[in-house]
Amino acid sequence: MNTSASLTDTIRKKLHDLMGIHRPWFSKAIKYTRILFFTFMIGLPLYVYAVGIDLFGLFGGMPSLADVENPENDLSSELISADGVSLGRYFRFNRSQVNFNELSDDLVNTLVLSEDHRFYDHSGLDFPAYIRVVWGLLTLNPAGGGSTITQQLAKNLYTRNPDRSLDGAIARLGRYPRRIVQKTKEWIISVDLERNFTKEEIIAMYLNTAEFSSNTYGIKVASETYFNKPTDSLNLSESALLVGMLQNPTFYNPVRRPENALKKRNEVLYKIYRAKYKIQSRTEYDSLAASDLGLRFRIQNQNEGLATYFRTVITTHLMEFCNARGIDLWNSGLRIYTTLDSRLQKYAEEAVAEHMKPLQKQFMEQWEGKNPWVDDDRNEIPGFLKNRIRQSDTYKNLVAKYGEKSDSVRILLNLKKPMTVFTWDGERDTLFSSMDSLAYYKKFLQTGMMAMDPTTGHIKAWVGGFNYKYFKYDHVKQGKRQPGSTFKPFVYGLAMESGYSPCHVLEDISPSFQVSGTVWYPPNSDGTRGTGEKMTIRQAMARSINSITAQMMKALGEENVVEFAHRVGIDSKLDAVPSLCLGVSDVSLFEMVGAYSTYVNGGIHTEPFYITRIEDKNGNVIENFVPKTRQSISDQTAYKMLYMLKGGVEESSGTSLGLPKELKIDNEIGGKTGTTNNASDGWYMGVTHDLVAGVWVGGDERNIHFPSWTFGQGARTAMPIFAKFLMKAYADPSTGIIKGKFNAPKSGIDITLDCARYQETDSTKIQPWEINN
């Protein structure tokens with residue numbers, strides 16, 4: 001007898017008895033357990049393989065290896081200034097990417113310690129975490145999720161992406177079968193991601209694909225939206241807030257649900273404290289937990305930020321560029337490098353706001369009790385608002401619904417309703433009807449400003465208005481108005497080219513022109529035909545004497561003046577009529593700045609431009625842009641015109657004498673004011689050796705006038721904006737804008753430019769053929 005076997009049977013029998021299990025049932029349990037175990041061990045790989053190949057179309061397609069290696073995102077295209085600052089984005093979903101080295105250490109460590117502390121130890125799947133999840137479910141005590149950062153990335157890239165996640169027959173059976181298939185796909189994709197990317201790349205990709213509510217996608221945009229800073233500057237508290245949002249962006253939105261966000265942030269900070277990363281004591285943790293969220297929230301859209309008008313105006317150009325190449329501007333992640341300087345743009349916008357606010361107040365005070373829409377005789381235009389409301393979408397929609405003659409149209413146009421309106425002291429809630437709103441906004445003065453480097457053609461600042469949210473029309477390139485006396489330098493430019501000297505003397509007497517069978521005498525600003533005073537044409541331009549400009553126009557010929565203006569940079573149609581010398585043909589600020597720059601650039605016209613290059617999302621250059629240039633006039637003519645323009649600053653009674661003294665010290669500066677005869681437009685064009693800028697101020701349309709011609713003078717309405725802008729630019733050395741002298745022709749100057757010593761009369765006038773070469 002085998003004693004050992006007998007003992008074993010005895011022990012087994014006693015165990016069976018103690019457990020209350022009969023031998024046949026126990027054996028069956030062992031057998032079925034073994035079957036289930038081996039079935040699981042063999043079946044799981046087969047199931048995973050079946051999902052991976054989408055067997056019989058049951059599970060839906062999987063991303064290819066190429067997709068995993070090169071995951072695509074719906075990326076916004078970014079507009080970047082010349083000094084590397086983001087000006088804004090074009091997007092459907094506001095998302096931009098960053099590299100791992102652009103993430104702060106606090107952000108990376110907070111993410112790992114809070115969401116996946118074994119991240120650097122696993123290969124995409126964290127099995128200990130799965131055991132914890134299962135145990136929590138069995139004990140009815142859930143202890144967090146088991147998904148790794150890599151799995152979350154797989155969700156963001158594929159299973160949660162409706163454009164990439166394909167369902168098979170099983171997934172269509174219901175929610176739970178679909179979730180099981182999705183989870184399996186996440187495991188497979190996670191393993192593939194770990195095989196093809198480094199841990200650092202996975203972290204960057206995950207944060208780039210995450211959603212942060214408020215139409216904010218990706219950590220870069222989130223950092224800018226909630227804290228107005230780059231990702232490499234995020235501190236521990238800020239990182240904890242953003243990492244906390246990853247679990248449920250809407251529920252933990254710090255703007256809409258600050259209490260939830262604060263609680264979640266502190267939970268994340270507590271994990272950091274337990275890991276002893278930077279927070280070494282309970283006191284430090286309590287101090288951080290007691291701090292506020294520190295938000296600097298700013299939604300990114302076309303109404304906010306720098307250069308709002310510029311961003312909108314160039315959209316047409318960018319769309320044409322993209323359409324010709326089969327590129328989607330809104331989701332291709334283009335990097336569009338512009339010529340704008342964010343510092344100069346900021347100073348330009350500040351200068352506009354600082355001047356326009358008090359100017360608007362004065363405008364309203366002087367028009368108090370009256371409306372500014374008047375005819376040339378200063379009588380209010382009857383039916384002005386009724387005619388303008390007929391052009392509105394509101395009126396057209398009401399007519400389409402009720403009929404043009406229905407009383408409902410009139411009643412609803414005058415029905416007051418809550419609305420938010422712009423004021424120079426901030427937005428204000430009020431009760432306005434559509435007619436009230438129209439009347440209110442028509443009384444606002446508008447403005448435009450542009451500054452450019454005259455040598456390179458780079459536009460440095462573009463201010464199409466003072467508030468894009470409420471006033472959409474761009475007054476730099478879209479808008480065209482009469483330039484008034486700022487057109488005169490083109491008449492005098494032709495005079496210089498034709499052999500006149502800036503020191504040529506004429507009398508202040510208005511010449512006569514035959515116009516439509518009548519005689520026209522161009523009046524001076526005071527309404528007279530002149531005083532008979534003798535002065536140089538430099539003095540005449542400096543003081544903006546109309547009569548002498550008209551004499552030049554008559555001597556040179558209207559057609560020749562038109563040709564000259566077009567040659568130096570004016571593209572708009574110009575009427576070859578005598579009154580052109582007073583600036584009656586509409587032009588844009590964009591053209592005027594480009595044309596004045598021809599004088600500073602030695603007679604070479606450089607077409608203003610604003611994009612230097614466009615790159616794809618990987619940094620590959622799609623196209624480089626260079627400005628178009630042409631030699632329009634000689635450097636001698638150009639330099640003489642700079643001497644003429646300096647007259648406004650240097651001559652007695654010059655219209656630019658009001659420029660601050662600080663701008664004139666150790667600096668050559670020239671300028672020309674402009675005011676239309678009907679007091680609808682105020683202009684100023686200013687030139688220095690490295691910057692040319694133009695400013696326009698006026699009503700929303702021509703029938704809206706300044707209270708008086710004196711009030712509307714360019715020296716009062718527009719020149720102060722130029723002065724404020726230039727003062728700010730000079731005060732900031734980082735802009736590279738410095739004081740200096742204009743460049744003289746390399747061959748020397750062919751005449752004496754000192755009218756105090758030398759004055760030219762008709763008898764001493766230098767003829768074109770007598771100019772030294």
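Predicted model: local features only at pLDDT ≥ 70, side-chain atom pairs only at ≥ 80, totals over all residues.
The protein has 28 helices and 20 strands. There are 773 residues, and buried ones make up 51% of them. Now take the contacts between residues at least 6 apart in sequence. Of these, 70% join residues at least 24 apart.

Let's start with the sheet. It is open and has five strands, in the order S2-S1-S5-S15-S16. The pairing is mixed. Which strands sit at the edges? They are S2, residues 86-90, and S16, residues 621-624. Each of those pairs on one side only. From one strand to the next, the twist averages 15°.

Now go across the sheet, pair by pair. S1 and S2 are antiparallel, with four bridges between them. S1 covers residues 77-80, and S5 covers residues 335-338. Those two run parallel and are joined by three bridges. Next comes S15, residues 611-615. S5 and S15 run antiparallel, and four bridges join them.

Take Glu78. Its bridge partner in S2 is Arg89. In S5, Glu78 stands opposite Arg335.

Next, helix H15 and helix H28. H15 spans residues 342-366, and H28 spans residues 719-731. Their axes are 8 Å apart, and the packing angle is about 140°. The cut-off for roughly antiparallel is over 145 degrees, so H15 counts as oblique to H28. The crossing is right-handed.

Who meets whom here? On the H15 side, the contact includes Leu344, Tyr347, Ala348, Glu350 and Ala351. Further along H15 we have Val352, Glu354, His355 and Met356. On the H28 side, the residues are Pro720, Ile721, Lys724, Phe725, Lys728 and Ala729. By class, that contact has ten nonpolar residues, one polar and four charged.

Now helix H20, residues 488-497. Is H20 mostly covered or mostly open? Mostly covered: nine of its ten residues are buried. The buried set runs through Lys488, Pro489, Phe490, Val491 and Tyr492. It also takes in Gly493, Leu494, Ala495 and Met496. Note that Lys488 is among the buried ones.

H20 and H22 pack at an angle of about 50°, with axes 10 Å apart. That makes H20 oblique to H22. This crossing is left-handed. From H20, the contact uses Lys488, Val491, Tyr492, Leu494 and Ala495. From H22, Asn546, Ile548, Thr549, Met552, Met553 and Leu556 take part. In class terms, there are eight nonpolar residues, two polar and one charged.

After H20 comes Gly499, with a positive phi near 110°.

That brings me to backbone angles. Most residues other than glycine have a negative phi. Two residues here are worth a look against that background.

Where is Asn228? In the loop between helix H9, 219-227, and helix H10, 236-245. Its relative accessibility is 33%, so Asn228 counts as partly exposed.

Ser653 lies in the loop between H25 and helix H26, residues 661-664. Is Ser653 buried, partly exposed or exposed? At 49% relative accessibility it counts as partly exposed. The cut-off for exposed is over 50%, so Ser653 stays in the partly exposed class.

To recap. H15 crosses H28 in the right-handed sense, whereas H20 crosses H22 in the left-handed sense.

Methods
Residues numbered from 1 in each chain as written. Heavy atoms only, no water. Axes fitted to C-alpha atoms, helices over the stretch in contact; angles between N-to-C directions. Parallel < 35°, antiparallel > 145°, perpendicular 65-115°, else oblique. Left-handed = near helix turned anticlockwise from the far one by under 90°. Contact = heavy atoms within 4.5 Å. Nonpolar A, V, L, I, M, F, W, Y, C, P; charged D, E, K, R; others polar. Buried < 20%, exposed > 50% of the residue type's maximum accessible area, 1.4 Å probe, protein only. Pairing = 2+ DSSP bridges.
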